[in-house]
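Biologist: Could you walk me through this model, pocket and packing included?

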Amino acid sequence: MKVNKLYIENLFKDIIEKNIFIKGSISNPVNKKENSSKINLKLIKIKNEVFIQLESFKDKKAFHENIYLFDFIERFSEIIDKFKQILLITQGSDFQILKGKNTYSLKETINNRLLESLEHNKKKKYIIEDGNFTPFLIKLGIMGEDGLVFKNSYAKFKQINKYLEFIDDTIKEMQNKKLIKNHIKIIDFGCGKSYLTFALQYYLNNIKEFTYEIIGLDLKKDVVEKCNKIVQELNCQNLEFLTGDIKDFNKLKDVDMVFSLHACNNATDYALLKGLELGAKAILAVPCCQHEFNEKMSKNKNSDFFSTELPLGKHGILFEKFTSLATDAFRAQALELCGFKTQVMEFIDMEHTPKNILIKAIKEKISKENLEKNILNIENSNHILE
């Protein structure tokens with residue numbers, strides 16, 4: 001279909017006024033010396049105002065310019081003089097326009113596209129959404145009665161959701177490996193104020209719709225009493241908190257998952273060991289303040305480590321970070337020796353907590369060859385502590 005420039009301008013204006021524009025691109029400049037080889041167009045919304053965002057490219061760099069929607073109609077007329085090819089994507093049709101000497105060639109293709117969000121900064125979708133009335137978050141002082149998260153609690157809110165993402169992925173992997181069905185038994189060692197324990201109960205009960213048993217264990221009696229009081233007030237089914245030492249825990253048998261968040265120093269190791277003793281199929285741990293390697297290595301300044309790795313041993317902060325990472329590396333390797341597939345990953349952004357390494361271990365069959373290889377790796381690494 002042959003059309004003139006006025007037809008193209010009116011077509012674009014009609015698309016904008018009908019609110020069916022999705023995105024577009026303008027390419028193939030008439031003058032090869034044109035500043036940009038291509039311009040992408042899309043609608044965005046900033047502070048309730050609608051703009052057309054121009055994304056242009058020059059020397060492999062992208063440049064952005066936001067223009068008020070109806071101001072852009074005039075700008076569109078100027079731009080199309082400089083380019084030979086135009087693509088306008090709308091709700092319902094794609095318009096392919098090619099510029100000739102005196103006319104334009106227009107081709108319309110029907111599509112099934114839907115309008116996209118206009119938000120410039122798209123809101124991240126969380127498992128527990130801000131704005132949804134969530135009783136346990138209100139009780140823990142993270143959310144108000146209106147269902148909105150308090151501004152000074154948003155870091156904790158994000159941490160809870162990040163944790164639930166890991167739990168969700170772990171449960172799916174356990175189901176895929178046929179380690180569990182729709183029932184799960186979980187222990188939180190060193191539960192503290194239990195933000196994440198309550199989040200887990202809410203997730204399993206209201207989102208995942210699992211049957212479950214959850215126990216939170218902590219040494220602090222007053223903290224445990226407060227958590228049990230919240231359990232009663234919210235009528236949280238199959239969730240209880242106990243006072244006790246990780247080493248002595250024996251209430252729940254055939255556990256499916258053990259997790260430990262920021263258990264200090266050797267408490268993380270006790271949690272890992274107890275998880276193995278209880279036959280846990282998945283173990284999640286975010287360690288905190290690992291001192292044992294640091295202390296043992298510091299007592300042996302004549303070891304090969306300090307003579308061959310002097311830059312690390314010379315600076316206290318680097319040495320501390322090294323021993324912390326080495327501790328977690330050995331923990332992950334030890335779990336592999338016990339028949340787990342392990343991953344070490346970032347738990348949450350450093351801006352929210354400096355203790356952000358998560359060790360994730362899920363039970364799997366291990367071959368004799370891989371077992372021997374893991375043992376050899378451990379033996380070769382032991383000289384660090386000598």
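**Pocket, helices and strands**

Modeller: α4 (154–176), α5 (195–208), β10 (211–218), β12 (257–264) and α7 (267–277) each give at least two residues to the lining of the largest pocket. This is a predicted model, where local features need pLDDT of at least 70 and side-chain atom pairs 80 or more, while totals for chains, interfaces and linings use all residues. Residues are numbered from 1 along each chain as its sequence is written, and side-chain values use heavy atoms, without hydrogens and water.

Biologist: Which element supplies the largest share of the lining of the largest pocket?

Modeller: Helices (H or I, at least four residues) and strands (E, at least two) are DSSP runs numbered from the N terminus. The largest share is 5 residues, and they come from β12.

Biologist: At what angle do α4 and α5 pack?

Modeller: Axes are lines fitted to C-alpha atoms, for helices over the stretch in contact, with angles from 0 to 180 degrees between N-to-C directions. The α4 and α5 axes lie 10 Å apart, and their angle is about 55 degrees.

Biologist: So what does that make α4 relative to α5?

Modeller: Under 35 degrees is roughly parallel, over 145 roughly antiparallel, 65 to 115 roughly perpendicular, and the rest oblique. Therefore α4 is, relative to α5, oblique.

Biologist: How many bridges join β3 to β4?

Modeller: Strands pair if DSSP finds at least two bridges between them. In this pair, Ile-39 stands opposite Ser-56 in β4. β3 and β4 (residues 49–58) run antiparallel, and the number of bridges is 8.
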